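Me: I have a structure to go through with you. Please walk me through it, starting with the overall picture.

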Amino acid sequence: MAISFEKAFGLHTQGMLLRAKRAEVIAGNIANADTPGYKAKGMNFQDAMKQATYQQQTGMSRTNEKHFDIKSSIQTDLQYRTPNQPDTGDGNTVDVQVERNLYLENSLEYQASVQFLTGKIKGLKKAITGAQG
């Protein structure tokens with residue numbers, strides 16, 4: 001009997017891809033904290049996960065190796081953040097403290113997904129090898 005990794009891992013793989021993308025966006029905001037006119041960007045993680053869930057449930061798959069893998073090309077809609085602080089005069093809307101907190105939260109959630117997947121992989125390995133312990 002073949003093991004379906006999609007069924008075993010669920011949406012955690014897409015969640016990790018989305019969290020990695022979110023980390024890039026937040027890091028870009030932090031890097032541009034002193035850039036005049038830069039507008040802080042963000043992504044709605046829940047909306048992106050809903051889209052990933054829909055893509056996984058529709059069951060689209062590649063029928064030829066030259067086709068794009070729709071499941072692996074998750075689209076994220078970036079939006080400008082509403083600033084929490086008044087304009088400092090240069091038009092930059094990045095609040096470094098907010099961005100650092102978002103980055104830390106995102107990192108913790110990414111690590112939780114890594115730990116969950118590690119447990120799943122250990123369980124699959126046990127099932128395959130029949131090891132006890």
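**Overall picture**

Reply: Of the chain's 133 residues, 26% count as buried, where buried means under 20% relative accessible area, exposed over 50% and partly exposed in between, with a 1.4 Å probe and protein chains only. This is a predicted model, in which local features need pLDDT of at least 70 and side-chain atom pairs count only at pLDDT 80 or more, while totals for chains, interfaces and linings use all residues. Residues are numbered from 1 along each chain as its sequence is written, and side-chain values use heavy atoms, with hydrogens and water left out.

Me: How many helices and strands does the chain have?

Reply: There are 4 helices and 2 strands, in the order α-α-β-α-β-α along the sequence. Helices (H or I, at least four residues) and strands (E, at least two) are DSSP runs, numbered from the N terminus.

Me: At what angle do the axes of α2 and α4 cross?

Reply: The axes of α2 (residues 12-31) and α4 cross at roughly 160° and come within 9 Å. Axes are lines fitted to C-alpha atoms, for helices over the stretch in contact, and angles run from 0 to 180 degrees between N-to-C directions. The angle makes α2 roughly antiparallel to α4, a label for angles over 145 degrees.

Me: Which residues of α2 and α4 meet there?

Reply: Among them are Met16, Ala23 and Ile30 in α2, and Leu102, Tyr110 and Leu117 in α4; contact means heavy atoms within 4.5 Å. By class, the contact of α2 with α4 has 12 nonpolar, 4 polar and 5 charged residues. Ala, Val, Leu, Ile, Met, Phe, Trp, Tyr, Cys and Pro count as nonpolar, Asp, Glu, Lys and Arg as charged, and the others, Gly among them, as polar.

Me: Changing topic: where does asparagine 92 lie?

Reply: Asparagine 92 lies in the loop between β2 (78-80) and α4 (96-129).

Me: Is asparagine 92 buried or exposed?

Reply: Asparagine 92 is buried, because its relative accessible area is 6%. A polar atom of its side chain lies 2.7 Å from the backbone nitrogen of valine 94.

Me: Which residues does asparagine 92 touch?

Reply: Not counting residues up to four places away in sequence, asparagine 92 touches Asn32, Ala33, Asp34, Thr35, Gly37, Tyr38 and Asp87.

Me: And where is the place of asparagine 32?

Reply: Asparagine 32 is in the loop between α2 and β1 (41-43), and counts as partly exposed at 24% relative accessibility. The C-alpha atoms of asparagine 32 and asparagine 92 are separated by 8.6 Å, with the two residues 60 apart along the chain.

Note on methods
A polar contact is a pair of N or O atoms within 3.5 Å; within protein, one must be able to donate a hydrogen and the other to accept it, and residues adjacent in sequence count only if both atoms are side-chain atoms. Angles under 35 degrees count as roughly parallel, over 145 as roughly antiparallel, 65 to 115 as roughly perpendicular and the rest as oblique.
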